[in-house]
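Colleague: I'm new to this one. Can you put it up and walk me through it?
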Amino acid sequence: MRIVLCYPVGKKHIDQIQAAAPDFEVVNAGQERIDELLPTADIFIGHAKVPVNWDRVLQAGKLRWIQSSAAGLDHCLVPGVIESDEIVVSSASGLFAPQVAEQTFSLLFGVIRRAPLFFRAEAKREFVRLPTDDLRGKTVGIVGLGGNGRFLARVLAPWDVRIIATDFYPVDCPAEVSELWPADQLDRLLGESDVVILTLPLNGDTKGVFDAERFATMKRGSYLINVARGSVVQEQALCEALASGHLAGAGLDVTEVEPLPPESLLWDDPKVMISPHVGAQSARRVDDSTALAVINLRRYQSGLPVYNRVDKRLGFPHPSSVYRGQAD
Ligand SMILES: NC(=O)c1ccc[n+]([C@@H]2O[C@H](COP(=O)([O-])OP(=O)(O)OC[C@H]3O[C@@H](n4cnc5c(N)ncnc54)[C@H](O)[C@@H]3O)[C@@H](O)[C@H]2O)c1
Ligand SMILES: O=C(O)[C@H](O)CO
């Protein structure tokens with residue numbers, strides 16, 4: 001039986017996985033050999049950034065479990081995997097919440113404190129003083145109160161903001177959140193928020209949901225921060241909402257196409273701050289992904305349900321499955 005890995009593991013991580021699954025052969029495919037080796041895997045741990053021939057994987061009929069090293073599963077939830085009764089999929093939901101919050105803060109404060117304009121002036125050695133906005137007292141709407149959204153709510157609270165949120169499972173409202181509504185109350189959230197932060201998954205229901213109508217529903221002068229997936233937003237509509245002045249700014253860690261094409265209007269807009277999908281990045285990312293994989297490997301082999309098991313049609317875990325650092 002074979003475990004195929006595809007994330008930037010070192011010897012330490014491979015040893016940890018091997019120790020947790022002594023009956024398995026552990027093979028580190030990396031991005032270079034993932035397409036070739038995935039059909040031979042019983043278990044896949046990782047995150048393929050390169051195209052994979054999933055038909056070949058499904059025809060081989062070996063794969064039983066995917067432990068993603070990413071929170072977003074859009075890379076592996078192809079129709080054959082979704083329809084399979086045999087393949088379990090679990091995610092890294094919430095695992096990178098502190099880093100995603102740091103990235104959200106740098107975009108959020110960057111945009112409201114006009115960092116893109118100041119950086120442009122700085123590059124020209126110009127000392128340009130312009131009025132800036134501030135966060136205190138504003139209403140922040142978090143769309144998707146999972147691992148990332150909840151962490152953000154906690155760390156935003158000291159700014160005396162009113163935090164409202166929507167979630168697919170609107171249960172267990174944290175103390176920092178004034179109102180938690182079901183996902184279908186998105187327009188209500190948009191109409192009340194000065195800052196909207198996207199922390200929801202990309203799936204059939206959420207693709208392109210931020211269209212011209214949604215932007216028109218947002219408050220005039222509000223900000224959009226997207227640290228989820230670029231395709232949740234229709235970028236043309238976003239550009240128009242910014243150009244008309246309806247939106248005061250946007251901070252984007254993710255874009256519809258990555259890398260963002262050179263011709264995109266977003267590059268030139270001084271109200272926009274862009275980062276190259278680095279929200280989950282940190283030196284400890286691989287350690288954290290491996291720690292969850294090891295916990296789940298032990299559970300999987302003992303017949304216990306793995307943490308962060310996703311509903312494959314939705315692409316995210318039920319709250320009861322979420323790993324919150326429980327001791328095993
Ligand atoms: N920028 C980055 O580097 C980065 C890093 C991690 C995650 N992400 C993205 O952010 C998403 C969230 O990450 P997470 O770790 O918090 O995942 P998570 O699974 O813990 O949280 C997602 C939450 O969104 C909710 N949700 C689902 N559909 C919704 C809808 N239509 N409206 C409102 N809420 C909805 C779910 O119920 C869940 O609580 C991931 O799916 C991934 O695509 C991006
Ligand atoms: O989903 C995630 O974990 C990040 O976006 C990296 O893929």
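Modeller: Bear in mind that this is a predicted model. We can start with the second largest pocket, which holds about 400 Å³ of space.

Colleague: Which residues are closest to the centre of that pocket?

Modeller: G94, A97, G147, F151 and Y323, out of 19 residues that line the second largest pocket.

Colleague: And which helix gives the largest share of the lining?

Modeller: That is α7, with four residues. Both α5 and α7 supply at least two residues of the lining. By type, the lining of this pocket has seven nonpolar, six polar and six charged residues.

Colleague: Changing topic. How many residues are in the largest nonpolar core?

Modeller: It has 37 residues, and those with the most contacts inside it are L135, V140, I142, L156, V195 and I197. Several elements each supply at least two residues of this core, including α5 (97-112), β6 (139-143), α7 (147-156) and α11 (285-301). The most comes from α5, which gives nine residues.

Colleague: What is I142 in contact with, leaving aside its neighbours within four places in sequence?

Modeller: Its contacts include G149, L152 and A153, as well as I163, I164, L189 and I197. Another core, of 28 residues, lies apart from the largest one, with I164, L186, M218 and A228 among its members.

Colleague: What about α2, which residues are buried there?

Modeller: G30, I34 and L37 are buried in α2, which runs over residues 30-37. They are on the same side of α2 because they cover an arc of only 90° around the axis.

Note on methods:
Residues numbered from 1 in each chain as written. Chains lettered and ligands numbered in written order. Predicted model: local features only at pLDDT ≥ 70, side-chain atom pairs only at ≥ 80, totals over all residues. Heavy atoms only, no water. Core = buried A, V, L, I, M, F, W, Y, C linked by side-chain atoms within 4.5 Å. Buried < 20%, exposed > 50% of the residue type's maximum accessible area, 1.4 Å probe, protein only. Contact = heavy atoms within 4.5 Å. Arc of directions from axis to C-beta. 1 Å grid on protein atoms, 1.4 Å probe; cavity = no way out; pocket = protein on both sides within 12 Å on 5 of 7 lines; lining within 4 Å. Points joined across faces, edges and corners; volume = space filled by probe spheres on them. Nonpolar A, V, L, I, M, F, W, Y, C, P; charged D, E, K, R; others polar.
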